Amino acid sequence: MTVQASARSVTARSAIMRAAERLYATEGFAGVSIRQIGEAAGQRNKSAVQYHFTSRDELVKAILAEHAEAMEVHRLAMLGRLGEPGEMSTRDRIRCVVLPHIEHHIDLGVPSWYGRFLAQVVVEPALREYAVSVHLERPSLRRLYDATRGPVEPDPGRVARREAMTRVLIVHMCAELERDLASGHATVASAAVAWRRLGDDLVTAVCGLLGALRADPS
């Protein structure tokens, strides 16, 4: 009985998370109630969402953590192939930051909702900082950012702005492509090609952005 109850609980949690991700991605946070999420997840109990997650923020954090862990698998595999971040070229370090996002989106299939969901989260004041920290606390990404920053950073504010610009570019371009693919009836194969093309473009764009921002303004 305990095993059956646990399996039902896992299934219910997953259904709630997927329903919330889709609704928040398409309707935004202001347009979605906890009741709507429960109904979309097929939960008869009106308190099911609160039972499993206690609050909206805890539900969102669970979704973010699940995706961050999936991307960490891709990033660790890349680091295993390419070696220590401090010994990589700048472009390879940027690839290790960007491409795990891309491969994770490919894994999600078509349609997916995470890109648009994340774009909503990062502009939600109560959730933005958590969305940033849940990724940066991953060991692989922390190693990459530390290597990218270099040994001496005289202007921490400028570093923070560079990292914020990089995040905005990645998050919102992924959301744009996800929206286009969802509305265009893309196949799995064509979607993978489109994602990898975006990944290459993002790597080039981030390399150019960081290079320009590091240049002597004089």
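Author: Let's start with a definition: a salt bridge is a side-chain nitrogen of Lys or Arg within 4 Å of a carboxyl oxygen of Asp or Glu. Keep in mind that this is a predicted model.

Reader: Happy to start there. How many salt bridges does the structure hold?

Author: The structure holds 13 of them. One joins the side chains of Glu103 and Arg196, at 2.9 Å from N to O. That pair ties together distant parts of the chain, since Glu103 sits in helix α5 and Arg196 in helix α10 (residues 188–214), 93 residues apart.

Reader: Where else does a salt bridge link distant parts of the chain?

Author: Look at Arg116 and Glu178, whose side chains meet at 3.0 Å, N to O.

Reader: Now to the rings. How many aromatic pairs are there?

Author: The count comes to two. One of them is Tyr114 with Phe117, a tilted pair with 6.4 Å centre to centre and 35 degrees between the planes. Tyr114 and Phe117 are three residues apart in helix α6, so about one helical turn separates them. Both are buried.

Reader: Which charged end sits over the ring of Tyr130?

Author: That of Lys61, at 5.0 Å from the ring centre.

Reader: And the backbone? What should I look for there?

Author: The general idea is that most residues other than glycine have a negative phi, and most peptide bonds are trans. Now try Thr54: its phi is near 70 degrees, a positive value in a residue other than glycine. Thr54 is found in the loop between α3 (48–53) and α4 (56–82), and it counts as exposed because its relative accessibility is 60%.

Reader: Which peptide bond is cis?

Author: The one from Val110 to Pro111 is cis, with omega near -5 degrees. Pro111 lies in the loop between α5 (90–108) and α6 (114–121).

Notes: Residues are numbered from 1 along each chain as its sequence is written. This is a predicted model: local features need pLDDT of at least 70, side-chain atom pairs count only at pLDDT 80 or more; totals for chains, interfaces and linings use all residues. Side-chain values use heavy atoms; hydrogens and water are left out. Helices (H or I, at least four residues) and strands (E, at least two) are DSSP runs, numbered from the N terminus. Buried means under 20% relative accessible area, exposed over 50%, partly exposed in between (1.4 Å probe, protein chains only). Rings of Phe, Tyr and Trp (its six-membered ring) pair if their centres lie within 6.5 Å; planes under 30 degrees apart count as stacked, over 60 as edge-to-face and the rest as tilted. A charge sits over a ring if NZ of Lys or CZ of Arg is within 6 Å of the ring centre and within 35 degrees of the ring normal.
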